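Here is a short briefing on one protein model. Look at the structure first, then read the points below.

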Amino acid sequence: MNNDFNQNSRSGYRAKRKKTNIVLNSLIIIVLLLIIFVAYTIFASGGDDKAAPKKETPKTEQKETVHKEKKTKEDKKVTKDDSSSKDATEEEQVSEEASTPEKTDDSQAVVSEDGTTFENPSWKPVGTTQTGEHTPVYSGVDWDEMLSAISYATGIDKSNNMTVIWLGRDQSKANASVGTVSAKDTKEKYKVFIEWVDGQGWKPTKVIKLTD
């Protein structure tokens, strides 16, 4: 009986030991799996963090490129505006130079007996910026050059002292105009006849001082 008891004890001990080994092995496997999972999670997160800047870099470069393109367009616009202003200033200077003839020689003036009509052979065209075939246009550059010719003949400053009462076509001849103006300071009125000279602009031909 002792032998049977000993055999049973050994069998029970072996069975318990086997179960214990199975449990320990299972726990070891579970722990290893957890370690592998945690390690994978850490490395995966680290990889995403490193990859993130690479994804943002193109956006940053794109923003910088857009900013540079916008700045370039603004610089071009400023340059264009400056160029336009410079061209406009040069055109105004040319127009002023073209509309400023030499002073007349009053000694050559022919005055009527009543002293109201003046004609002067020394009168010259006031100059022009217009080219090509000319037809009177009572606006814009042509209008301004007509007033320059009238100012030249009467001595009335067209910018600050001249009032234009009427200015239109002279029906007595082709490519000619006639205007009536007054001086703001003296209130004197004049009727001025002007004619077009190709390539040279408007030239005064006769001035009549009007009386009320």
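**Strands and their pairing**

Trp-196 has Trp-202 as its bridge partner in strand 6. This is a predicted model: local features need pLDDT of at least 70, side-chain atom pairs count only at pLDDT 80 or more, and totals for chains, interfaces and linings use all residues. Residues are numbered from 1 along each chain as its sequence is written, and side-chain values use heavy atoms, with hydrogens and water left out.

- Strand 5 and strand 6 pair in the antiparallel sense, over nine bridges. Two strands pair if DSSP finds at least two bridges between them. Strands (E, at least two residues) and helices (H or I, at least four) are DSSP runs, numbered from the N terminus.
- The hairpin of strand 5 and strand 6 has three residues between the strands. In this hairpin, Gly-199 takes a positive phi near 80 degrees.
- Strand 2 (residues 117-119) also runs antiparallel to strand 6, joined by two bridges. Phe-118 stands opposite Val-207 in strand 6.

**The nonpolar core**

- The largest nonpolar core has 19 residues. Ile-150, Val-192, Ile-194 and Trp-202 have the most contacts inside it. Such a core is a set of buried Ala, Val, Leu, Ile, Met, Phe, Trp, Tyr and Cys residues joined through side-chain atoms within 4.5 Å.
- Helix 2 gives the most to this core, with six residues.

- Ser-148 is in helix 2. Is Ser-148 buried or exposed? Ser-148 is buried, because its relative accessible area is 5% (buried means under 20%, exposed over 50%, partly exposed in between, with a 1.4 Å probe and protein chains only).
- The side chains of Ser-148 and Lys-158 are joined by a polar contact of 2.6 Å. A polar contact is a pair of N or O atoms within 3.5 Å; within protein, one must be able to donate a hydrogen and the other to accept it, and residues adjacent in sequence count only if both atoms are side-chain atoms.
- Asp-170 lies in the loop between strand 3 and strand 4. Asp-170 counts as buried, at 9% relative accessibility.
- Asp-170 and Ile-194 are 24 residues apart in sequence. Their C-alpha atoms are 8.5 Å apart in space.
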